[in-house]
Amino acid sequence: QLMETLNMGKRKLLKRISIVLVAFLCMEIGIFAYQSNFGAIGYTRSLNLGNKYLLSEDYESAISAFSKAIDIDSMNAEAYVGRGDVYKAQGDYVSAWSDYETAQEISGDESILRKKIGQTEITVISEDG
């Protein structure tokens with residue numbers, strides 16, 4: 001009878017552990033789903049704020065918003081283009097070029113640099129003509 005009581009105790013303990021593990025797993029799945037959805041919402045919100053700040057010429061806030069969008073989703077070219085537009089508006093063409101180049105690599109759109117910076121031809125003439 002002692003063995004039977006011990007076996008029942010083990011079964012109850014295993015049942016409680018199982019319940020706790022299932023509850024923990026459900027909680028983790030819920031957190032993951034929430035964060036995935038929140039990331040998409042946060043990215044869009046940051047991107048929209050960046051565009052709003054750019055239009056109002058609040059460049060510091062625009063860079064911050066676009067950078068936050070990049071932190072949320074570094075593989076989305078749109079935020080790099082937006083931040084590049086801010087740098088270009090500030091006259092920081094080196095930073096703008098870098099962001100446009102990154103956007104071009106991510107998106108596969110080989111025309112971003114040409115559209116945003118333009119195409120320049122340089123003619124070199126020797127001293128003797």
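Student: Where does E57 lie?

Tutor: E57 lies in the loop between α1 and α2. Before we go on, note that this is a predicted model, where local features need pLDDT of at least 70 and side-chain atom pairs count only at pLDDT 80 or more, while totals for chains, interfaces and linings use all residues. Residues are numbered from 1 along each chain as its sequence is written, and side-chain values use heavy atoms, with hydrogens and water left out.

Student: How many helices and strands does the protein chain have?

Tutor: The protein chain has five helices and zero strands. Both kinds of element are DSSP runs numbered from the N terminus (helices are H or I, at least four residues; strands are E, at least two). Read along the sequence, the pattern is α-α-α-α-α.

Student: Back to E57, then. Is E57 buried or exposed?

Tutor: E57 is exposed, with a relative accessible area of 56%. The cut-offs are under 20% relative accessible area for buried, over 50% for exposed, and partly exposed in between (1.4 Å probe, protein chains only). E57 also has a positive phi of about 60°, although it is not a glycine. Across the protein chain of 129 residues, buried ones make up 25%.

Student: Let's turn to helix pairs. At what angle do α2 and α3 pack?

Tutor: Helix α2 (residues 59-72) and helix α3 (residues 77-90) pack at about 160°, and their axes are 9 Å apart. α2 and α3 are therefore roughly antiparallel to each other. Their crossing is left-handed. The α2 side of the contact is Y59, A62, I63, F66, S67, A69 and I70, and the α3 side is A79, Y80, G82, R83, V86, Y87, A89 and Q90. These residues divide into 11 nonpolar, three polar and one charged.

Student: Could you explain the terms in that answer?

Tutor: Gladly. Axes are lines fitted to C-alpha atoms, for helices over the stretch in contact, with angles from 0 to 180 degrees between N-to-C directions. Angles under 35 degrees count as roughly parallel, over 145 as roughly antiparallel, 65 to 115 as roughly perpendicular, and the rest as oblique. A crossing is left-handed if the near helix is turned anticlockwise from the far one by less than a right angle, and right-handed if clockwise. Contact means heavy atoms within 4.5 Å. Ala, Val, Leu, Ile, Met, Phe, Trp, Tyr, Cys and Pro count as nonpolar, Asp, Glu, Lys and Arg as charged, and the others, Gly among them, as polar.

Student: How do the axes of α3 and α4 cross?

Tutor: The axes of α3 and α4 come within 8 Å and cross at roughly 165°. That makes α3 roughly antiparallel to α4. The crossing of α3 and α4 is left-handed. On α3 the contact is made by A77, Y80, V81, R83, G84, D85, Y87 and K88, and on α4 by Y93, S95, A96, D99, Y100, T102, A103, I106 and S107. This contact divides into nine nonpolar, four polar and four charged residues.

Student: Which residues of the largest nonpolar core touch the most other members?

Tutor: Here is the general idea. In soluble globular proteins, nonpolar side chains tend to be buried together. A nonpolar core is a set of buried Ala, Val, Leu, Ile, Met, Phe, Trp, Tyr and Cys residues joined through side-chain atoms within 4.5 Å. In this structure the largest such core has 19 residues, and A79, V86, Y100 and A103 touch the most other members. The elements giving it two or more residues are α1 (2-55), α2, α3, α4 (93-107) and α5 (112-116). The most comes from α3, with six residues.

Student: What does A103 touch?

Tutor: Not counting residues up to four places away in sequence, A103 touches A77, Y80, V81 and I112. A103 sits in helix α4 and is buried, with a relative accessible area of 0%.

Student: How far apart are the C-alpha atoms of K68 and R45?

Tutor: They are separated by 9.8 Å, although K68 and R45 are 23 residues apart along the chain. K68 is found in helix α2 and, at 48% relative accessibility, counts as partly exposed.
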